[in-house]
Amino acid sequence: MNLTLSYDDHCTEIAHQTALLASALTAAAAPAGPPAPGPSPLSSAVPSCPDWNLAQLLHHLGEAHRWVEEIVRTRAAEPPPDTALRALPRDTTQTPSELASWLTTGARQLADTLRSAGPDARIWTPLPSGTTRFFARRMAHETVIHRADVTLTLGTDFTVDQRVALDALDEWMELGSLPEMFDHHPERRALLGPGRTLHFHATDTPSEAAADWLVDLTGDTLAWRRSPGPAAVSVSAPLTDLLLLVYGRRPADTASYEIQGDAELLDFWLAEVIFA
């Protein structure tokens, strides 16, 4: 069983995850039977991104796709302005179906541009890498997690392919443990201390998936490795639930999670390392 995602896989997932998101959006906006009165689902608050409504979240994602597409297409050596993906008006004149179409168009353009560039084209990236490979993986999982935000907002189920979820968790761990993260978030140094280890175990994967992550905060850096083993706190749950937990999309006190050990350490770590 090949559990590794390639560069082309990441490109494919950008478009695929956006298509799934768009389908969920249009289905929620046009249920069977006569249209129900009331506001558009686009005005719904996003519980996992409390500062945004659904329209803002979707515009953020679509503009992020277009921003990265410009970086890759122009081989940018420095970032272009990102105002469009950060200054997000709460109101929109687009219908859900129009917004869904706009999203899928941008995702396909990004995937096509990444494929044309190849994995090793030199470009600006916000963290060490400097190649298109970074953005293909980052945008794939950015899209996965924002699709989760959409399903949480709409009250629909979120599922994700096992290979994608494994890669998303690995990428999250890798980015969070980069030494540069202390430059951006010096407050995270407070996580370091003797005996501070966390173990995450996926309960619904085959043994060959090796779906165990050990986070080690006992040294001078935030370290991690794929490994089982004893820890100050251990969390066991289905793989998708672990993904939602570490991304701050689902609270640890949900019934999905079996927690053993220092729950306060888990809460402290989750609060410090969250990113949208």
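Student: In which sense do β2 and strand β3 pair, and over how many bridges?

Tutor: Two strands count as paired if DSSP finds at least two bridges between them; strands themselves are DSSP runs (E, at least two residues), helices are runs of H or I of at least four, and both are numbered from the N terminus. Here β2 and β3 (residues 223-226) run antiparallel over four bridges. They make a hairpin with six residues between them, and Leu214 sits opposite Arg225 in β3. Bear in mind that this is a predicted model: local features need pLDDT of at least 70, side-chain atom pairs count only at pLDDT 80 or more, and totals for chains, interfaces and linings use all residues. Residues are numbered from 1 along each chain as its sequence is written, and side-chain values use heavy atoms, with hydrogens and water left out.

Student: Which residues touch the most other members of the largest nonpolar core?

Tutor: In soluble globular proteins, nonpolar side chains tend to be buried together. A core is a set of buried Ala, Val, Leu, Ile, Met, Phe, Trp, Tyr and Cys residues joined through side-chain atoms within 4.5 Å, where buried means under 20% relative accessible area (1.4 Å probe, protein chains only). In this model the largest core has 43 residues, and Leu198, Phe200, Trp213, Leu217, Leu243 and Trp269 touch the most other members. Its largest share, seven residues, comes from α5. A second, separate core of 25 residues includes Phe134 and Met181.

Student: What lines the largest cavity?

Tutor: On a 1 Å grid over the protein atoms alone, a cavity is a set of points where a 1.4 Å probe fits but cannot get out; a pocket is an open set with protein on both sides within 12 Å along at least five of seven lines, and lining residues have an atom within 4 Å of a point. The largest cavity has a volume of about 30 Å³, and its lining includes Gly176, Met181, Phe182 and Leu222.

Student: And which residues are closest to the centre of the second largest pocket?

Tutor: That pocket has a volume of about 270 Å³. Of its 14 lining residues, Ser129, Arg133, Phe134, Arg137 and Glu174 are the closest to the centre. α1 (7-29), α4 (132-154) and α5 (162-176) each supply at least two lining residues.

Student: How far apart are the end C-alpha atoms of helix α3?

Tutor: The expected span of a helix is 1.5 Å times one less than its number of residues. For the 22 residues of α3 (residues 96-117) that gives 32 Å, and the end C-alpha atoms are 32 Å apart, so the two agree. Gly118 follows α3, with a positive phi near 85°.

Conventions
Grid points are joined across faces, edges and corners, and a volume is the space filled by probe spheres set on the points. Buried means under 20% relative accessible area, exposed over 50%, partly exposed in between (1.4 Å probe, protein chains only).
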